[in-house]
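Here is a friendly walk through one structure. Have the sequence and the 3D view at hand as you read.

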Amino acid sequence: MTKIPSYPPNSSIAYLISGSTKDTARIICLLFAVYHPRNLYLLHLDKKASQYERDNLALYVQSVPLFKAAQNVNFIGKADFVYPIGASALSATLHGASILLRVSAHWDWFINVNAADYPLVTQDGWWRKY
């Protein structure tokens, strides 16, 4: 029988949530699905997305009282070019991780997700079922 590793209930996760053009709504939906006040979030829309889309995402997130109070949702200001196959995706991930480390080093785990991803269970709920 495989032993499931324990998940400390007070762990903090740093999320890099990436998307491209027309992914603003998906990023917002994903952010609400994975949001926990203890975590740190970095949102990135690549160069295919317009500056208008980046600005709208930032304005929307900054208008949500929950995110505003916790001040744990950040943005990559200068968009990276990300081609799904190749070194640019790895480079964007490492760039995001370095930004998250500069914002705060007080996190235990790093998760890189795309706007097309969606969690099946909550952060607090998955380990309790084992």
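Is K22 buried or exposed? K22 counts as exposed, at 74% relative accessibility; exposed means over 50% relative accessible area, buried under 20%, and partly exposed in between, with a 1.4 Å probe and protein chains only.

## About the model

This is a predicted model, in which local features need pLDDT of at least 70 and side-chain atom pairs count only at pLDDT 80 or more, while totals for chains, interfaces and linings use all residues. Residues are numbered from 1 along each chain as its sequence is written, and side-chain values use heavy atoms, with hydrogens and water left out.

## Two loop residues with positive phi

K22 sits in the loop between β1 and α1. Its phi is near 65 degrees, a positive value in a residue other than glycine. Helices (H or I, at least four residues) and strands (E, at least two) are DSSP runs, numbered from the N terminus.

Q71 lies in the loop between α3 (65-70) and β3. Phi of Q71 is positive too, near 50 degrees, and Q71 is not a glycine. At 67% relative accessibility, Q71 counts as exposed.

Now look at β2, residues 40-45, where six of six residues are buried. In a regular strand the side chains alternate between the two faces of the sheet. Both faces of β2 are covered, with L40, L42 and H44 on one side and Y41, L43 and L45 on the other.

Strand β1 (residues 13-19) pairs with β2 in the parallel sense over six bridges; two strands pair if DSSP finds at least two bridges between them. I17 stands opposite L43 in β2. From β1 the chain passes through helix α1 (residues 24-34) to β2 in a right-handed β-α-β crossover, meaning that the path from the first strand over the helix to the second runs clockwise when the strands point away from the viewer. β2 also pairs with β3 (residues 73-75), in the parallel sense over three bridges, and there Y41 has V73 as its bridge partner.

## Aromatic rings

The whole structure holds five aromatic pairs. The rings of Y35 and Y41 have centres 5.3 Å apart and planes at 25 degrees, so this pair is stacked. Rings of Phe, Tyr and Trp (its six-membered ring) pair if their centres lie within 6.5 Å; planes under 30 degrees apart count as stacked, over 60 as edge-to-face and the rest as tilted.

Y35 is buried at 13% relative accessible area, and Y41 is buried at 0%. Ring pairs link Y15, F32, Y35, Y41 and F67 into a cluster.
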